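Here are some notes to keep beside you while you look at this one for the first time.

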Amino acid sequence: MGARILVVDDDAALAEMVGIVLDAEGFGVSYCADGEGAFAAFAEHNPDLVLLDLMLPGIGGIDVCTQIRGVSGVPIIMLTAKSDSADVVAGLEAGADDYMVKPFNPSELVARIRTRLRPPRTESSSNELRVGDVVIDLEGHRVTRAGTALNLTPLEFNLLAALAAAPTQVFTREMLLEQVWGYRYKADTRLVNVHVQRLRSKVEIDPDNPVVVATVRGIGYRAGAVSS
Amino acid sequence: MQRLARELHRWWMRVLGLWRRSLQLRTVIVSLALSTVAILLVGIYMSVSISNDLFNTRLNQVLAESQRATSTAQRIFDSSVVTDRAGVQSVMNAARQGIRDSSSSSLIAVYRAPSANQNAGLAPQDFSSPELSGVISSDLRTSVQNSADQQFWQSVNLPLTTGDVPGVVVGSRLTIPSVGQYELYMGYDFAQAQQTLRFIYGVLFASGLGLLILIGAIAWFVARMVVTPIRIAADTSEKIAAGNLDVRLPEQGQDVVATLARSFNHMAESMQAQLTALGTLSVMQQRFVSDVSHELRTPLTTIKLAADVMYNQREEFDPTTRRTAELLNAQVTRFEKMLGDLLEISRYDAGSVDLELQPTNFASLVQDVAGAMTTLAEQHGCDLSVSAPGGHFEALIDARRVRRILMNLIGNAIEHGERKPIDIVVDSNATAVAVTVRDYGVGMATHDLELVFSRFWRADPARQRTLGGTGLGLAISQEDARVHAGQLDVWAAPGEGACFRLTLPRDPKVAIGHSPLELPETDSSAGETR
């Protein structure tokens, strides 16, 4: 049995079609057609990934996203018709990991889903990485500061691990898009900006003066120096 | 000398400019000029009449005096009976005294008339006041000699001790019994009249000048009263033209200016209302296009997924169904592209386009796009060649949009290039980078060049679109160029091919001087549109 995916979309035909595509790829699919029932469906099916339409009747996709993020770091991919709307940024800020603009290819959809479900790959030999004053336990998927666990989503964990695995490397947004999101071509750098902010709000003591994920002006980001 | 002339010229130009620009100045100057003429005419008329009147009055007075003096002298002569020369002389002296007493003038001359010298032995000598010698003309003397009992006069300049003064000399005849005819001349100066006249001239001049100054001030004031509202109206229209639709003219009073202000404001109001309505309509339409495009996306996604699933399984279908699946898949892709282009155009129409400028190596970008399209070109039998004498630096452009323009231009060249080579040239200068895409295919007629950037326009409706263009490509490319503050030009000639030139500023904030690349030239006038 493959990973379980919850499709939240009010368009029954699209949901069914997505279901057909995902089913053919070996995923287990469950459905929810509105925002009100989405959280209950999430709790009931406990999926490994959520495909969430941004424009839902009743409770919107952004609110659903916030609700789910309140209890889980499960990967969320938004489906949206408008790539340039403020809704996309709002969705990312609410915790969605990635988004897809309609109309999308089935292969693209499957690739995005697989990237999000894949465990992070790091060439590090050790099981533990250090960045700033936080410790990343690659094996246990845990990030701790002075023994206290920090609650990161898998995406945030991947992002932090990617930066920490090459502490001397300055990462451009494009490099991070490729390594963490799996985009091989130029994609939306807002993804990186929003998620670095979300990551900082969790790992930094003072997010306004970041030391764990440092900004390299004009280029991108790098891991902060290790401190004891 | 030359500098002075130049200085003068500049000064003159400035005055001329001021004259052309300032209605107020012009009004004042014209009023002043016309008033000067009027005052001058009135002044001349007044001074002429006054001086005539003064002269005539004095002349009549002088003639009357002279008449009286002559009669007095004649009476003295008539009542005397003298026989010897001394007696005649004493009578003559008495007569002179009588003349002086009865006349205000002491300028007297007495000449013996040449025609009557019956008794030369008794005749007294000629006598003349020194001031009169030399001023009595021979014409006057002839008149006096030829006519008895008549007065003659002549205007003269009397050389008095105080200087020359205007005056008249009045001449008449005296008859001295038993001696003969004498001419009597009396000089009268007009100094008093002259002084009065001079005073009147002074007053006239001063009042004329004062009047002119007053008229100038009045004209300035009146012109200001009229010009100021006009100027305010002009300023206000300028503001409205610049887009500030909220400005209005002040409405005061009931006069023509107030009427102008009211109708102007009325016009502005209705214009603003119409523009707002139009703007709302336009926004609604744009939103409608955008909404339609977005609403179509969800069903299109389903169709696309379905078509793709079928396409991937086409090998299992019978040939007809297989072909159907292929067609469906291809046309769904085309439909999607069209929808994307439509959305892009609607974004441009709504003005909601943001450039993502980043330093990009222009020549590399062109080479990159050309490389990506080589396979397509080979499929159509075209040979793509790129030469880049310039453009090897980082220009501040939106790479995604420029890439889209290039793909569009090269795609068009491949489609219309008729399997002939396609030349791509990149160059740059101080302000701009440019690329030309030249094909040697069917080309276009000159009158088609203006339509080439129109939406959904086809050079030849009968021609099939082999590359599945949407008809919006060049329209979007032009918008893409424009949003960069660049330009997209085209040259084409039937049978000779077409050449598209994209010119972009190195930095969108710095204007393009001229394009680094030239479009080809034809013998007939090269059609060039922007």
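1. A word on pairing before anything else: two strands count as paired if DSSP finds at least two bridges between them. With that in hand, look at β3 in chain A, where A:L51 is the bridge partner of A:V7. Keep in mind throughout that this is a predicted model.

2. Now zoom out to the sheet around that pair. Five strands of chain A form an open sheet in the order β2-β1-β3-β4-β5, with parallel pairing. The edges are taken by β2 (28–32) and β5 (98–101) of chain A; each has a single partner strand, so one side of each is left without a neighbour in the sheet. On average, neighbouring strands here are turned by 20 degrees against each other, direction ignored.

3. Which strands does β3(A) pair with? On one side there is strand β1 (residues 4–8) of chain A, joined to strand β3 (residues 49–53) of chain A by four bridges, and the two run parallel. Within that pairing, A:L6 stands opposite A:V50. Then there is β4(A), which runs parallel to β3(A) and is joined to it by four bridges. A:L51 turns up here as well, with A:I77 as its bridge partner in β4(A).

4. Is β3(A) buried or exposed? Five of its five residues are buried, so β3(A) is largely enclosed by the rest of the structure. If you follow the side chains, A:L49, A:L51 and A:D53 point one way while A:V50 and A:L52 point the other way, and all are buried. Do notice A:D53 in that list of buried residues.

5. What lies across this part of the sheet? Helix α3 (residues 61–71) of chain A does: it lies across β1, β3 and β4 (76–80) of chain A, and it runs at about 155 degrees to β3(A).

6. On to chain B, starting with the overview. Chain B has 13 helices and twelve strands. It has 530 residues, of which 27% count as buried. Take the contacts in chain B with a separation of 6 or more: 67% of them come from residues 24 or more positions apart.

7. Chain B has an open sheet too, made of five strands in the order β2-β1-β5-β4-β3, and here the pairing is antiparallel. Its edge strands are β2 (127–128) and β3 (152–160) of chain B, each pairing on one side only. Strand β1 (residues 107–112) of chain B pairs with β2(B) in the antiparallel sense over two bridges, and B:V110 stands opposite B:F127 in β2(B). Helix α2 (residues 23–79) of chain B lies across β3, β4 (163–176) and β5 (180–189) of chain B, at about 35 degrees to β4(B).

8. Next, a helix pair in chain B. Helix α6 (residues 256–295) and helix α8 (residues 319–349) of chain B pack at an angle of about 155 degrees, with their axes 9 Å apart. Angles over 145 degrees count as roughly antiparallel, and α6(B) and α8(B) are therefore roughly antiparallel to each other. Their crossing is left-handed. B:Q286, B:V289, B:S290 and B:S293 of α6(B) make the contact with B:L339, B:L342, B:L343, B:S346 and B:D349 of α8(B). By class, that is four nonpolar, four polar and one charged.

9. Here is another pair to set beside it. The axes of helix α9 (residues 362–372) and helix α11 (residues 399–416) of chain B come within 10 Å and cross at roughly 50 degrees, which makes α9(B) oblique to α11(B). The crossing is right-handed. From α9(B) the contact uses B:L365, B:V366, B:V369 and B:A370, and from α11(B) it uses B:A399, B:V402, B:R403, B:L406, B:M407 and B:I410. This contact has nine nonpolar, no polar and one charged residues.

10. Last, where do the chains meet? Twelve residues of chain B are in contact with 14 residues of chain A. On the chain B side, helix α7 (residues 297–312) gives the most, with ten residues. The classes on that side are four nonpolar, four polar and four charged.

Conventions:
Residues numbered from 1 in each chain as written. Chains lettered and ligands numbered in written order. Predicted model: local features only at pLDDT ≥ 70, side-chain atom pairs only at ≥ 80, totals over all residues. Buried ≥ 20, exposed ≤ 12 C-beta atoms within 10 Å, placed from the backbone. Contact = placed C-beta atoms within 7 Å. Nonpolar A, V, L, I, M, F, W, Y, C, P; charged D, E, K, R; others polar. Axes fitted to C-alpha atoms, helices over the stretch in contact; angles between N-to-C directions. Parallel < 35°, antiparallel > 145°, perpendicular 65-115°, else oblique. Left-handed = near helix turned anticlockwise from the far one by under 90°.
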